[in-house]
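Please look through the model first, then read on.

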Amino acid sequence: MTTPGNGGSSNSGGTSNSGGTTGSGGTTSSGGTTNSGGTTGSGGTTNSGGTTNSGGTNSGGTNNSGGSNNSGGSNNSGGSNNSGGSTTSPTTGARNSGLAAGGAAAGGAAITALTGGSALGAAESMMSIAVTTASAAVILPPSIMVALQFKLSTGKPASLEKAAGDWSTAAAELQQASQDLQNLAKGIPQQAWNMDDRAAYESKVGDYCLQLDALHNYLMAVSIALTVLAWAMFTYAIFAVGMAVYLGALAVLAVAALASVVGSVSYPALVGLASTGLTITTVATGILAAAGVMAGGVMFGGAAITADYQGDHGNAGAGDAFGEAFKNGAAGAAANLVQSGANAGLAFLTRNPVANNFGVGEVDLDADRDITETWTYGAGAKVNSPLGETEVAGNIKHNDEGWAGGEVGVNHKYEDPSGTVNGTVGGKVTWDENENVGGGFKVGGGHTPSGSQAEYEGNWSHEGDYSDKYKVNTPVYNTEGSWAEGPKDETPPWDK
């Protein structure tokens with residue numbers, strides 16, 4: 001549609017600007033750039049505030065004032081602004097894809113809970129998806145550091161949830177013991193025991209019950225702290241999936257921009273959006289780290305306060321017990337800190353999947369003491385090669401009587417060239433303090449894009465006893481257990 005100018009001539013096949021007229025000699029008005037002596041080309045479009053293009057395409061994709069349709073040309077600015085309407089920009093679509101992915105992840109966790117699994121168990125698959133997707137967006141440099149943070153923030157919230165439940169169960173048992181002891185003391189008839197030592201006995205019972213109550217409160221505090229941390233990790237996993245899909249969508253646009261398919265969405269602008277995503281991820285990772293620090297503070301600070309309180313109520317050995325626990329815990333914590341520091345460095349060195357020529361992908365260090373005061377010292381490493389990922393690990397045990405056995409094993413994980421499926425196979429050899437030899441094996445498979453994984457592990461002792469463990473983890477279902485072992489006897493030792 002053309003608008004005759006005041007004393008001028010109409011554009012042949014062209015579009016006049018909203019509110020503007022084609023002036024005498026073809027000069028465009030309406031606040032736009034006046035073309036000195038220029039005329040509107042046949043089939044071209046005169047932009048309000050823009051430049052008159054010959055051939056019908058606007059340089060840089062300038063939008064038409066008023067959204068008028070161009071005859072023979074189209075104006076793009078992050079999308080096409082057509083007559084009277086607009087479409088969603090690609091960057092907005094990327095954001096919406098990320099939000100939808102986060103919602104889908106949360107929905108998958110809900111399905112997991114409805115199918116009898118742990119909703120938190122879905123977090124492992126979600127983090128696997130997030131790391132894989134963010135790493136694939138390597139064309140946007142900030143996504144590499146996002147993937148690094150995702151990898152370092154991957155954990156096992158379902159295991160934390162289980163541990164929290166165990167602490168809560170122990171707390172309930174202590175509370176019940178305290179109540180039973182008080183009822184027992186009060187249940188003795190006054191006429192059966194009315195001597196002076198009864199008051200002293202009841203006072204001692206009262207102090208002991210206060211110690212049990214303090215320990216109950218500590219165990220409950222740890223249970224709550226672990227639960228909060230587990231859900232913080234789960235929430236982070238949902239966020240990670242959404243952010244990874246968002247970066248993946250931006251990467252698709254970046255490829256198109258570099259290929260001049262979507263020339264109006266510039267590559268630097270997409271890198272800027274990815275940088276914003278990195279900033280948001282850094283803040284979220286910091287919040288998750290703060291949750292972990294607070295959980296650690298509850299465990300350490302609560303233990304110190306509880307030991308001090310118990311000491312004030314007759315437990316003279318509480319302080320020494322706390323000191324011994326702190327010493328033993330520090331050894332395990334030191335090993336874990338060294339392991340985490342080494343793995344953080346390795347993750348940084350291998351952060352770019354395209355330029356990753358570093359062989360070692362991850363190390364594992366352990367130092368743990370069990371209830372029998374037997375220490376287990378272990379080490380392992382994952383090595384990457386064209387044939388896949390090979391993990392070599394071993395440990396030795398030591399107690400007051402000397403070396404008490406150990407084990408060594410090798411697992412190999414292979415992924416098909418398309419990155420769709422993966423498989424795991426491995427075996428191990430074990431020996432005890434009497435040099436009796438046993439062994440075991442592991443097989444598994446998974447779907448890499450969805451983070452789904454299934455594993456089965458079998459073990460046998462030198463006496464021929466067989467035990468096993470299976471684990472299935474997907475975004476919508478997870479479970480673990482044993483087929484060889486019968487139901488566990490949960491009866492406390494003092495009731496057997």
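Which residue takes a positive phi in the hairpin of E6 and E7? Gly419 does, with a phi near 75°, and the hairpin has five residues between its strands. This is a predicted model, and the account below starts with its confidence.

**Confidence**

The protein chain has an average pLDDT of 76, and 72% of the residues score at least 70. Over residues 1-87 pLDDT stays under 50, and for this stretch the model has 140 contacts beyond four places in sequence. Where pLDDT is low, the predicted coordinates should not be read in detail.

**The sheet**

Nine strands make up an open sheet with antiparallel pairing, in the order E3-E4-E5-E6-E7-E8-E9-E10-E11. Strand E3 (360-369) and strand E11 (478-481) are at the edges; each has a single partner strand, so one side of each is left without a neighbour in the sheet. On average, neighbouring strands of this sheet are turned by 10° against each other, direction ignored. Strands of a sheet pair through backbone hydrogen bonds, either parallel or antiparallel.

| Strand pair | Residues | Bridges | Direction |
|---|---|---|---|
| E6 and E7 | 402-415 and 421-432 | eleven bridges | antiparallel |
| E7 and E8 | E8: 437-447 | eleven bridges | antiparallel |
| E9 and E10 | 452-460 and 466-473 | eight bridges | antiparallel |

Individual bridge partners can be located in these pairs. Val408 has Val429 of E7 as its bridge partner, while Val421 is partnered by His447 in E8. For Tyr456, the bridge partner in E10 is Tyr470.

E7 and E8 also form a hairpin, with four residues between them. In its turn, Glu435 has a positive phi of about 65°.

**A residue of E7**

Asp432 belongs to strand E7. What does Asp432 contact, leaving aside its neighbours within four places in sequence? The contacts are with Ala404, Gly405 and His462. Asp432 and Trp403 are 29 residues apart in sequence, and their C-alpha atoms are 8.9 Å apart in space.

**The helices**

Helix H5 (residues 196-258) packs with helix H6 (residues 267-312) at an angle of about 170°, and the axes of the two are 10 Å apart. That angle makes H5 roughly antiparallel to H6. Which classes of residue form the contact of H5 with H6? The contact has 33 nonpolar and eight polar residues, and no charged residues.

Helix H7 (residues 318-349) lies across E3 and strand E4 (375-385), and runs at about 180° to E3. H7 also meets helix H3 (residues 142-152): their axes come within 10 Å and cross at roughly 150°. Because angles over 145 degrees count as roughly antiparallel, H3 is roughly antiparallel to H7. The crossing of H3 and H7 is right-handed.

On the H3 side, Met145, Leu148, Lys151 and Leu152 make the contact, and on the H7 side Asn343, Ala344, Ala347 and Phe348 do. By class, the residues of the contact of H3 with H7 divide into six nonpolar, one polar and one charged.

**In brief**

Asp432, in strand E7, touches Ala404 and Gly405, among others. The stretch to treat with care is residues 1-87, where pLDDT stays under 50.

Terms used. Residues are numbered from 1 along each chain as its sequence is written. This is a predicted model: local features need pLDDT of at least 70, side-chain atom pairs count only at pLDDT 80 or more; totals for chains, interfaces and linings use all residues. Side-chain values use heavy atoms; hydrogens and water are left out. Axes are lines fitted to C-alpha atoms, for helices over the stretch in contact, and angles run from 0 to 180 degrees between N-to-C directions. Angles under 35 degrees count as roughly parallel, over 145 as roughly antiparallel, 65 to 115 as roughly perpendicular and the rest as oblique. Ala, Val, Leu, Ile, Met, Phe, Trp, Tyr, Cys and Pro count as nonpolar, Asp, Glu, Lys and Arg as charged, and the others, Gly among them, as polar. Two strands pair if DSSP finds at least two bridges between them. Contact means heavy atoms within 4.5 Å. A crossing is left-handed if the near helix is turned anticlockwise from the far one by less than a right angle, and right-handed if clockwise. pLDDT is the predictor's confidence in each residue, from 0 to 100.
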